[in-house]
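Welcome! Take a moment to look over the sequence and the fold shown here, and then we will walk through some of the features together.

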Amino acid sequence: MTITSVSSGRLTHLGVLRFTGADALPFLQGQVSNDTQRLTENAPLLAAYSSAQGRVLALIYLLPHSSGVIAILPREILKTTMERMRKFILRAKVQIEDAGDSLAVAGHVGGMPQPSTGYTEIDGVGVAPVGHDKNRHWLIGAAEKLPSSGDAAEAKRVEDEWRLADIRA
């Protein structure tokens, strides 16, 4: 399977956590493996969330969305990751929520109309390149603003292409 054409669609295998509050960035700095201060420069980040023993529990993409810091991670580990992180809030002024009711994730493979090296929001939809791959982009926003994958077969094809591109990256 090769990814040569432009394709977009929702990535239903992924979930969204939102971090809000005055201490969101310092809290995340103590929880993940990347420098969260880079989010203030509109830089999307790939980070690992690990146990105290150093075992990676989740790989997450962090985006500096206007509604808070957004974490994109596999839906099947979203709830356990959120519950585990909440144990470490203590007195920090941060809230962690499953933002799946208000935000959805889509992927776009192919050229973007406006090239971007960082995170931008256009008409309520966040756009960020995936790592150093300038050909793949995250799209995050209200579900009705994101491209639909069409029927079930098309949705599966888009998701399979996205997973294959992740493996290749």
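## A pair in a helix

By about how much of the helix are R163 and E159 separated in helix α3? They are four residues apart there, so about one helical turn lies between R163 and E159. Before going further, please keep in mind that this is a predicted model.

The side chains of R163 and E159 meet in a salt bridge, at 3.0 Å from N to O. R163 is partly exposed, with a relative accessible area of 37%, whereas E159 is buried, at 17%. Salt bridges with shared partners also join E154, R157 and E161 into one network.

Six salt bridges are counted in the model. As a reminder, side chains of opposite charge can pair when their charged atoms come close. One of these pairs is R157 with E154, whose side chains meet at 2.5 Å, N to O. R157 and E154 are three residues apart in helix α3, so they too are separated by about one helical turn. Both ends of this pair are partly exposed: R157 has a relative accessible area of 29%, and E154 has 27%.

The side chains of D166 and R136 meet at 2.8 Å, N to O. D166 belongs to helix α3 (residues 152–168) and R136 to strand β10, so this pair ties together parts that are 30 residues apart in sequence.

## The five-stranded sheet

Now let us turn to the strands. Five of them form an open sheet in the order β3-β4-β5-β2-β6, with antiparallel pairing. Its edge strands are β3 (45–50) and β6 (95–98), each of which pairs on one side only. On average, neighbouring strands in this sheet are turned by 30 degrees against each other, direction ignored.

Within this sheet, β4 (residues 56–65) and β5 (residues 68–74) are antiparallel partners joined over five bridges. Helix α2 (residues 75–86) lies across β2 (14–20), β3, β4, β5 and β6, and runs at about 130 degrees to β5.

## Strands around β10

With β7 (residues 104–109), strand β10 (residues 133–141) pairs in the antiparallel sense over six bridges. Here V109 stands opposite R136 in β10, and R136 is the residue whose side chain meets that of D166 in a salt bridge.

Strand β10 also runs antiparallel to β9 (residues 125–130), with five bridges joining β9 and β10. In this pairing P129 has H137 of β10 as its bridge partner. The hairpin of β9 and β10 has two residues between the strands, and G131 takes a positive phi near 60 degrees in this hairpin.

## A nonpolar patch

Which residues make the nonpolar surface patch of about 280 Å²? The patch is made by L46, V56 and L59. L46 lies in strand β3, which is one of the edge strands of the five-stranded sheet. With a relative accessible area of 45%, L46 is partly exposed.

Key
Residues numbered from 1 in each chain as written. Predicted model: local features only at pLDDT ≥ 70, side-chain atom pairs only at ≥ 80, totals over all residues. Heavy atoms only, no water. Pairing = 2+ DSSP bridges. Axes fitted to C-alpha atoms, helices over the stretch in contact; angles between N-to-C directions. Contact = heavy atoms within 4.5 Å. Patch = residues over 30% accessible without salt bridge, like charges linked within 9 Å, V, L, I, M, F, W, Y side chains within 5 Å. Areas by Shrake-Rupley, 256 points an atom, 1.4 Å probe, with all protein chains shown as cover. Salt bridge = Lys/Arg side-chain N within 4 Å of Asp/Glu carboxyl O. Buried < 20%, exposed > 50% of the residue type's maximum accessible area, 1.4 Å probe, protein only.
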